[in-house]
Amino acid sequence: MPFLEQMANIGSEVYRTSSWKIKGNAGRAQAAFERALELIDLTIKYGRLHESGRNAMLEEICRLREVFCMEYLSPDPTALTSFDKYFMQFAIAARRRKT
């Protein structure tokens, strides 16, 4: 799967995590959080495996994982909303690429 689509998919799970956390549903927030981490980890392992720019991608996605975990653990239920604009750009780019 192209990197843009991988990031858009991660963004969907991050959004679900944020949404469920804001709604106070800890179980569903935790499940979405775990799915997002799984997608992030798969992107770290396989993303751009045979393409140029892999080192920059790894640096970006590893930092993303770190901040995502910190914000998830924040007592502020709206802390994850800061990711909305970041991931929206990937979703828009992935959609444009398909058309």
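Guide: Asp 41 and Arg 65 form a salt bridge, with their closest N and O atoms 2.7 Å apart. This is a predicted model, in which local features need pLDDT of at least 70 and side-chain atom pairs count only at pLDDT 80 or more, while totals for chains, interfaces and linings use all residues. Residues are numbered from 1 along each chain as its sequence is written, and side-chain values use heavy atoms, leaving out hydrogens and water.

Visitor: Why is the pair of Asp 41 and Arg 65 called a salt bridge?

Guide: A salt bridge requires a side-chain nitrogen of Lys or Arg within 4 Å of a carboxyl oxygen of Asp or Glu. The N and O atoms of Arg 65 and Asp 41 are 2.7 Å apart, so the pair meets this rule.

Visitor: What makes Glu 13 count as buried?

Guide: Buried means under 20% relative accessible area, exposed means over 50%, and partly exposed lies in between (1.4 Å probe, protein chains only). Glu 13 has 11% relative accessibility and therefore counts as buried. Its salt-bridge partner Arg 35, at 2.9 Å from N to O, is partly exposed, with a relative accessible area of 38%.

Visitor: Why are H1 and H3 called roughly parallel?

Guide: Angles under 35 degrees count as roughly parallel, over 145 as roughly antiparallel, 65 to 115 as roughly perpendicular and the rest as oblique. The axes of helix H1 (residues 3-23) and helix H3 (residues 54-73) cross at roughly 5°, so the two helices are roughly parallel to each other. Helices here are DSSP runs (H or I, at least four residues), numbered from the N terminus. Axes are lines fitted to C-alpha atoms, for helices over the stretch in contact, and angles run from 0 to 180 degrees between N-to-C directions.
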